[in-house]
Amino acid sequence: MTIDQTVSWLAWTLVLTGLVLGVVAVRRVFQTGRLRYYLLRREQAAGAWRLLLVAAAVILASIVVFAFGRPAAYVVFPPTPSVTPTRTTTSTPTITQSPTITVTPSISVTPSVTPTATVSVTPMLPESLLLLYQDDITPQPDAILSPILVATSLTGFNIPIDPAEAFDNPVGRLYGAFSYDHMSDGVRWVAFWYRDGEVICFESNPWDGGTGGYGYTDCLPEGGWPEGEYEIQIFIGTQWQVSTRFQIRGSPPTATVSPSPTP
């Protein structure tokens, strides 16, 4: 359950409780006039008015939760906005050759070559997915995800427990957890899990987690986690948002085959 859903559930629960208390109080007020004795009428009326005040206080509390519940929840569980990284590989090799051949007459050749290459790589969706998602809902321009944290388990609020950058086999299901803000329900989001450039897990669903809170993507490849370097990439719509890398150390456990009995 996301933070938005929790705040909404609490507010509507208070509204329903206040209405029930209000109905009970009003019924007691009407029933007071049927009593024959003055003291009983006065006691019944006082109790009814007290119950009515409690109902009004509960309704007021629900209004406060509607107005300030979400900001207050984010003070306790603040979503962490991400800084969009740009991977830049810059290589500046310098090759200087100075051969000198001395013959009569003397020849001296000194060539100097200095190439400068700059490569900037930004993850992109495959073309096949770009064609499928061209009619989807456009995400908000200020939609943002925090850096991904990889862990073996999560809390009930999708917060990672003991995240790490390297894991030792045997490893079960892994979770890539993140916080988010300014999201829109129905927007397509995509998560890729890579090992050595090959996709081992893929997830693509319409967003249903509300505008802000904590989310995750998970993966458990068939045959376990081979030793190596892994990467998670997450896209919102067709735009890349955030990536992270982690390492698996050691070989996955091998399944033992039980021999069948021979008659």
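**Loops, salt bridges and helix packing**

P170 lies in the loop between β9 and β10 (174–181). Strands here are DSSP runs of E with at least two residues, helices are runs of H or I with at least four residues, and both are numbered from the N terminus. The model is predicted, so local features need pLDDT of at least 70 and side-chain atom pairs count only at pLDDT 80 or more, while totals for chains, interfaces and linings use all residues. Residues are numbered from 1 along each chain as its sequence is written, and side-chain values use heavy atoms, with hydrogens and water left out.

The peptide bond leading from N169 into P170 is cis. Its omega is near 5 degrees. D162 is not a glycine, yet its phi is positive, at about 50 degrees. D162 sits in the loop between β8 (149–151) and β9. With a relative accessible area of 65%, D162 is exposed. H182 belongs to the loop between β10 and β11 (188–195). Its relative accessibility is 35%, which counts as partly exposed.

G186 is placed in the loop between β10 and β11. G186 is partly exposed, at 28% relative accessible area. In sequence, 21 residues separate G186 from W207. In space, the C-alpha atoms of G186 and W207 are 4.9 Å apart.

Salt bridges were then searched for. Side chains of opposite charge can pair when their charged atoms come close. The criterion is a side-chain nitrogen of Lys or Arg within 4 Å of a carboxyl oxygen of Asp or Glu. The whole structure contains four salt bridges. One of them joins the side chains of R249 and D168, with N and O 2.7 Å apart. R249 is in strand β15 (residues 239–249) and D168 is in strand β9 (residues 166–168), so this pair ties together parts 81 residues apart in sequence. R249 is partly exposed, with a relative accessible area of 36%. D168 also counts as partly exposed, at 48% relative accessibility.

Another salt bridge links the side chains of E231 and R245, at 3.6 Å from N to O. E231 lies in strand β14 (residues 228–236) and R245 in strand β15, so the parts tied together are 14 residues apart in sequence. E231 counts as buried, at 9% relative accessibility. R245 is exposed, with a relative accessible area of 52%.

R195 and D196 also form a salt bridge. Their closest N and O atoms are 3.7 Å apart. R195 counts as partly exposed, at 24% relative accessibility. D196 is exposed, with a relative accessible area of 57%.

The helices come next. Helix α1 (residues 3–32) packs with α2 at an angle of about 165 degrees. The two axes are 8 Å apart. This angle makes α1 roughly antiparallel to α2. Axes are lines fitted to C-alpha atoms, for helices over the stretch in contact, and angles run from 0 to 180 degrees between N-to-C directions. Angles under 35 degrees count as roughly parallel, over 145 as roughly antiparallel, 65 to 115 as roughly perpendicular, and the rest as oblique. The crossing of α1 past α2 is left-handed, that is, the near helix is turned anticlockwise from the far one by less than a right angle (clockwise would be right-handed).

Helix α2 contains Q44. Q44 is partly exposed, at 27% relative accessible area. Q44 and Q31 are 13 residues apart in sequence. Their C-alpha atoms are 8.5 Å apart in space.

L60 is also found in helix α2 (residues 38–76). L60 counts as exposed, at 53% relative accessibility. Together with I63, V64 and F68, L60 makes a nonpolar surface patch of about 410 Å². Patch residues have over 30% relative accessible area and no salt bridge; nonpolar side chains (Val, Leu, Ile, Met, Phe, Trp, Tyr) are joined within 5 Å, like charges within 9 Å. Accessible areas come from the Shrake-Rupley method with a 1.4 Å probe, and for residues only the protein chains shown count as cover.

Key: Buried < 20%, exposed > 50% of the residue type's maximum accessible area, 1.4 Å probe, protein only.
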